[in-house]
Amino acid sequence: MAATAPRKRRARGSVEPEKILDGAFEIAAEKGLDGLSMPDLAAQLDVGVTSIYWYFRSKDELLRQMSARAMSQMQHELPRPDGRDPQTWRQFMEEYTLAQRELHRDHNLLTELLIIRLNTYGRRATIAAFERIESILGFLVEAGFTRAGAWHVISSYSLYIRGFILTEYHRDVNKTPPEGPAQLSLLAPEGMPLMSDLITEDDILLDMSGEESLSAGMAMLGDGAEALLHRLSTSA
């Protein structure tokens, strides 16, 4: 039986950087960022490792470009305040914040790139993020907030939803904590009657995620921002 001739790999520089990023996202979606390696990426693209390093000198540089693409895609899908009535600021902030959660909810790789590994941000991704914040700041200032007040409103919504996204991420990745009555195994029920009743009668989740917790937190953020705007208007 004749020996099969070895498959000839593409020449260095023959694969486009966008194709390399496509391959990197495919591997990372399956194995996570820690499971992404330059040799595996080269093998998937049927090129030598040197072809990858021709465009990306290190894995860190590859991750920065992946973050830039992820940020660009996310910003494209998030709602914008352009052309909206500034008096609908609360509706917009809720829509914008919940849209972030939905984008991350089924895409753990997005959470890894844009929230967990902030050190992978390059300048392009950073500028894209702050350009969007700048537009929302202007929108809130038009609604009557001071510059600093608008910043605090944005930061409050942002920090809240990032915490929520991370909690859901860890629940999905680690498959813990349990849900429903099984959560009682994490408590000493005889000494924690309120939490025990919350689990058995109110269907809460001990990691503080869940739709009702999300809605309650969003309402509190909106009420707090409304109160701030009222103080600003009455002190003017």
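By the rule used here, the model holds 17 salt bridges, a salt bridge being a side-chain nitrogen of Lys or Arg within 4 Å of a carboxyl oxygen of Asp or Glu. This is a predicted model, in which local features need pLDDT of at least 70, side-chain atom pairs count only at pLDDT 80 or more, and totals for chains, interfaces and linings use all residues. Residues are numbered from 1 along each chain as its sequence is written, and side-chain values use heavy atoms, with hydrogens and water left out.

1. Overall make-up. Along the principal axes, the C-alpha atoms fill a box of roughly 85 × 55 × 25 Å.

2. Of the 236 residues, 39% count as buried; buried means under 20% relative accessible area, exposed over 50%, and partly exposed in between (1.4 Å probe, protein chains only). The protein exposes about 13900 Å², and carbon and sulfur atoms supply 54% of that area. Accessible areas come from the Shrake-Rupley method with a 1.4 Å probe; for residues, only the protein chains shown count as cover. Among contacts (heavy atoms within 4.5 Å) between residues at least 6 apart in sequence, 68% join residues at least 24 apart.

3. Salt bridge between Glu 226 and Arg 90. The side chains of Glu 226 and Arg 90 meet in a salt bridge, at 3.7 Å from N to O. The pair links distant parts of the chain: Glu 226 belongs to helix α10 (residues 211–235) and Arg 90 to helix α5 (residues 89–105), 136 residues apart. Glu 226 is partly exposed, with a relative accessible area of 36%.

4. Other salt bridges. Asp 40 pairs with Lys 31 in a salt bridge whose closest N and O atoms are 3.7 Å apart. Asp 40 has a relative accessible area of 34% and is partly exposed; Lys 31, at 47%, also counts as partly exposed. Arg 80 and Asp 82 form a salt bridge through their side chains (3.5 Å, N to O). Here Arg 80 is partly exposed at 43% relative accessibility, whereas Asp 82 is exposed at 52%. A network of salt bridges links Arg 101, Glu 102, Arg 105, Glu 168 and Glu 211.

5. Met 74 and His 104. Met 74 sits in helix α4 (residues 59–77) and is buried, with a relative accessible area of 9%. Leaving out residues up to four places away in sequence, Met 74 touches Leu 103, His 104, Leu 110 and Leu 114. His 104 is in helix α5 and counts as buried at 4% relative accessibility. With the same exclusion of residues up to four places away, the residues touched by His 104 are Met 74, Leu 110, Thr 111, Leu 114, Ile 115 and Ile 165. The C-alpha atoms of Met 74 and His 170 are separated by 21 Å, and these residues lie 96 residues apart along the chain.

6. Helix α9. Ser 196 is found in helix α9 and is buried, with a relative accessible area of 9%. A polar atom of the Ser 196 side chain lies 2.8 Å from the backbone oxygen of Met 192. Beyond residues up to four places away in sequence, Ser 196 touches Leu 184, Leu 187 and Pro 189. Met 195 is also placed in helix α9 (residues 193–202), but it counts as partly exposed at 37% relative accessibility.

7. Nonpolar patch. Met 192, Met 195 and Leu 198 make a nonpolar surface patch of about 230 Å². Patches are made of residues with over 30% relative accessible area and no salt bridge; like charges are joined within 9 Å, and nonpolar side chains (Val, Leu, Ile, Met, Phe, Trp, Tyr) within 5 Å.

Conventions
Helices (H or I, at least four residues) and strands (E, at least two) are DSSP runs, numbered from the N terminus. A polar contact is a pair of N or O atoms within 3.5 Å; within protein, one must be able to donate a hydrogen and the other to accept it, and residues adjacent in sequence count only if both atoms are side-chain atoms.
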